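Please keep the sequence and the structure in view while reading.

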Amino acid sequence: MKRNWKPLALTVLALLLAVQMMDAAWLTWFGGSCRLPVLMFHHLSDTPNPVTTVTPERFLEQMTALKDAGYHAVTVQQVIAYAEEGAPLPDKPVLITLDDGYASNLTSAAPILEELGLCATVFVIGVNEGEAVSPHTGKPITPPRFSYEEALPWVEKGVIDVQSHTYDLHWTTAEGGSREGVLRRDGESGAEYREVLLADARMAARRRAGHCLLTDLEALAYPYGYFSREADQIFLEAGYRLTVTTQEFVNRIYPSKSNSLRMLGRFNVNQDMTGEFLLQRIG
């Protein structure tokens with residue numbers, strides 16, 4: 001009796017094609033991607049607090065641990081180039097960020113970063129940049145904030161990049177603000193809300209313009225970590241190609257997939273974290 005091998009051959013061929021497609025998908029989504037932890041610091045001081053302030057000595061320990069473990073600090077621009085153009089990133093990349101624009105970022109953090117051959121991105125609150133007194137309360141801004149002119153030497157060295165923590169949306173209603181960070185207010189129309197965020201982005205760009213800070217304004221850190229997909233879409237329209245939150249997870253960035261740059265997670269690094277513990281958190 002003559003066997004008909006044709007159905008079996010077609011089945012085997014279909015299975016082989018399915019395996020090839022699964023393999024291609026795996027390489028695209030997992031093999032062809034980059035694991036990117038993002039770190040969040042704030043102020044450096046000899047009198048730290050448990051949440052947002054570390055001593056220079058602890059910062060040095062944490063940065064040294066990263067370097068000794070083979071991590072390479074990358075810039076916002078490198079991450080964007082990877083996600084938009086497929087440009088290569090170094091092995092074990094890490095994005096180091098500091099929020100608010102404290103003067104200590106320049107006087108304490110920048111020299112340590114330079115010594116270790118690292119770099120960081122500072123997300124500045126535009127309305128407070130270089131100001132001694134709050135434009136809202138009339139009271140001294142403490143701890144003090146740096147000006148763009150003061151940051152320029154570190155920018156020129158490639159140690160610091162300056163990006164946005166919004167121009168003037170770093171407020172909550174409890175602090176006298178009119179909304180919770182960038183979130184839409186109750187009763188606010190979509191058109192009104194969109195214009196508030198776009199206007200803030202324009203003011204941030206205007207404040208930063210003319211200071212020779214070398215890079216474009218293209219990254220945003222959400223104040224307090226408050227964000228929404230609606231807000232993120234509006235800020236994308238405003239030109240922010242990368243956004244970060246305060247949710248703690250390691251990001252997966254895909255080459256030539258710019259949507260993997262949205263609402264990235266960040267690990268808050270505090271005084272209680274030894275260098276070894278920091279490596280465990282992001283490992």
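## Packing of H2 against H4

Helices H2 and H4 are roughly parallel to each other, because the angle between them is about 30° and angles under 35 degrees count as roughly parallel; this is therefore the description given to the pair. The model in which they are seen is a predicted one. H2 covers residues 56–68 and H4 covers residues 104–116, and their axes lie 10 Å apart. The crossing of H2 over H4 is right-handed.

Which residues of H2 and H4 meet? From H2 come Pro 56, Phe 59, Leu 60, Met 63, Thr 64 and Lys 67, and from H4 come Ser 108, Ala 109, Ile 112, Leu 113 and Leu 116. Sorted by class, the residues of this contact between H2 and H4 are eight nonpolar, two polar and one charged.

## Packing of H4 against H5

H4 also packs with helix H5, at an angle of about 5° and with the axes 11 Å apart. That angle makes H4 roughly parallel to H5. On the H4 side, Leu 106, Ala 110, Pro 111 and Glu 114 take part, and they meet Glu 150, Ala 151 and Trp 154 in H5. The contact of H4 with H5 contains five nonpolar and two charged residues, with no polar ones.

## Packing of H2 against H8

H2 has a further contact, with helix H8, which spans residues 275–282. The axes of H2 and H8 come within 8 Å and cross at roughly 55°. This angle makes H2 oblique to H8. H2 passes H8 in a right-handed crossing.

In this contact, H2 contributes Glu 61, Gln 62, Ala 65 and Leu 66, while H8 contributes Gly 275, Leu 278, Leu 279 and Ile 282. By class, the contact of H2 with H8 has five nonpolar residues, two polar residues and one charged residue.

## The cavity

Rolling a probe the size of a water molecule over the atoms shows where empty space is left. How many cavities of 30 Å³ or more does the structure hold? There is one cavity of that size, and the space in the largest cavity is about 30 Å³.

The lining of the largest cavity consists of Val 124, Gly 126, Tyr 148, Gln 163, Ser 164, Thr 166, Ala 204, Arg 208 and Leu 217. Strand S8 (160–164) and helix H6 (190–208) each supply at least two residues of this lining. Four of the lining residues are nonpolar, four are polar and one is charged.

## The two largest pockets

The largest pocket has a volume of about 350 Å³. Its lining is made of 15 residues, and those nearest the centre of the pocket are Asn 128, Arg 145, His 170, Trp 171 and Glu 175. The lining of the largest pocket divides by class into six nonpolar, six polar and three charged residues.

The second largest pocket holds about 180 Å³ of space. It is lined by 14 residues, of which Met 40, His 42, Asp 99, Tyr 224 and Thr 246 lie nearest its centre. Four residues in the lining of the second largest pocket are nonpolar, seven are polar and three are charged.

## Backbone features in two loops

Most residues other than glycine have a negative phi, and most peptide bonds are trans. Against this background, two places in the backbone deserve attention. A cis peptide bond joins Thr 142 and Pro 143, with omega at about -10°. Where is Pro 143 placed? Pro 143 belongs to the loop between strand S7 (120–124) and helix H5 (148–156).

Cys 212 is in the loop that runs between H6 and strand S9 (219–221).

Note on methods:
Residues are numbered from 1 along each chain as its sequence is written. This is a predicted model: local features need pLDDT of at least 70, side-chain atom pairs count only at pLDDT 80 or more; totals for chains, interfaces and linings use all residues. Side-chain values use heavy atoms; hydrogens and water are left out. Axes are lines fitted to C-alpha atoms, for helices over the stretch in contact, and angles run from 0 to 180 degrees between N-to-C directions. Helices (H or I, at least four residues) and strands (E, at least two) are DSSP runs, numbered from the N terminus. Angles under 35 degrees count as roughly parallel, over 145 as roughly antiparallel, 65 to 115 as roughly perpendicular and the rest as oblique. A crossing is left-handed if the near helix is turned anticlockwise from the far one by less than a right angle, and right-handed if clockwise. Contact means heavy atoms within 4.5 Å. Ala, Val, Leu, Ile, Met, Phe, Trp, Tyr, Cys and Pro count as nonpolar, Asp, Glu, Lys and Arg as charged, and the others, Gly among them, as polar. On a 1 Å grid over the protein atoms alone, a cavity is a set of points where a 1.4 Å probe fits but cannot get out, and a pocket is an open set with protein on both sides within 12 Å along at least five of seven lines; lining residues have an atom within 4 Å of a point. Grid points are joined across faces, edges and corners, and a volume is the space filled by probe spheres set on the points.
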